[in-house]
Amino acid sequence: MKIFDQIANSKEHTGYRKREEVFSHTVDGGNAAKMIKGYINILNFYNFKLNAINNCIDIGCGAGYITREFSENNFNIKGMEYSEDALTIAKEHNPNLEIIQGDMSKFKEENQYDFIFSREVYLITRVNCFTEQKQIISNIVDSLKLNGIFMLVASDVSYPNCMDYNLIIKTIKKDKNILVSSKYHEFIFKKFNKFIFGKISYKILELLLMPLILYKKNNGWASQYIIIFQKI
Ligand SMILES: C[S@@+](CC[C@H](N)C(=O)[O-])C[C@H]1O[C@@H](n2cnc3c(N)ncnc32)[C@H](O)[C@@H]1O
């Protein structure tokens, strides 16, 4: 079986030896609150207007802290999980959120969503399979309404065994119906969000922080990237 299929078909999360471990693989509440501010800043930059009635989903939500934080910021968002363990925990932990079972590799619900979010799912971060990953992204973008945004947050923690982000961006850029951003460093938005856009451009901030980024990378740091896909 191809490595992609192994990862795609494993219902068990390899990191969840104990049920509680779903929490250690999930961003906690304090960090989620900081990150959402950065995510909203990027959405504003892309002129994303959240309608009062909206339909959003967090694919691979883990324990659901990020999902919950979006929901507290007026996103009508549900969580989606593949693993049974995470599904049970996410439901117990978020009685007021809708959490459904589903598989990112098969996800396609045409023209249904204003906003789709997905962070650190192994189909993207633990295997490098261009054909399958491009298909996943295309299916997710198909699932957006016009002007809807898919925000992908994914790391190079297992590099080179992760999606080739640059190649995906370059390839999808050729599709005139999809606007694709370059890679934003998530930590810049988390730690320096209040300086970005209105006050200082992200690019300048990234340039100023480049020595730190390179130093951290040389010391084994895996960065999380935010990539925006907008259906236009
Ligand atoms: C590292 S956790 C990240 C959780 C959360 N998104 C966050 O950033 O805090 C990855 C989650 O994706 C889920 N997952 C893995 N493969 C999936 C798939 N094919 N479809 C949906 N969810 C999946 C796992 O069960 C796990 O809970």
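Helices (H or I, at least four residues) and strands (E, at least two) are DSSP runs, numbered from the N terminus. The model is predicted: local features need pLDDT of at least 70, side-chain atom pairs count only at pLDDT 80 or more, and totals for chains, interfaces and linings use all residues. Residues are numbered from 1 along each chain as its sequence is written.

**Exercise 1. Helix α4**

Task: Explain why helix α4 (residues 65-72) is largely enclosed by the rest of the structure.

Solution. Step 1: A residue is buried if 20 or more other C-beta atoms lie within 10 Å of its own, exposed if 12 or fewer, and partly exposed in between, with C-beta atoms placed from the backbone.
Step 1: Tyr-65, Ile-66, Thr-67, Arg-68, Glu-69, Phe-70 and Ser-71 are buried.
Step 2: Since 7 of the 8 residues are buried, α4 is largely enclosed.
Step 3: The packing partners of these buried residues are α3 (29-45), β1 (56-59), β2 and β4 (113-119).
Step 4: Just after the helix, Asn-74 has a positive phi of about 75 degrees.

**Exercise 2. Asn-94**

Task: Place Asn-94 in the fold and state which residues it is in contact with, leaving aside its neighbours within four places in sequence.

Solution. Step 1: Asn-94 sits in the loop between α5 (84-93) and β3 (99-101).
Step 1: Asn-94 counts as partly exposed because it has 19 C-beta neighbours inside 10 Å.
Step 2: Two residues are in contact if their C-beta atoms, placed from the backbone, lie within 7 Å.
Step 3: With that sequence exclusion, the contacts of Asn-94 are Gly-64, Thr-67, Arg-68 and Ile-99. Of these, Thr-67 and Arg-68 are buried residues of α4.

**Exercise 3. Backbone geometry in loops**

Solution. Step 1: Most residues other than glycine have a negative phi, and most peptide bonds are trans.
Step 1: Asn-47 counts as exposed because it has 9 C-beta neighbours inside 10 Å.
Step 2: Having 19 C-beta neighbours inside 10 Å, Glu-120 counts as partly exposed.
Step 3: Pro-160 lies in the loop between β5 (144-155) and α8 (165-173).
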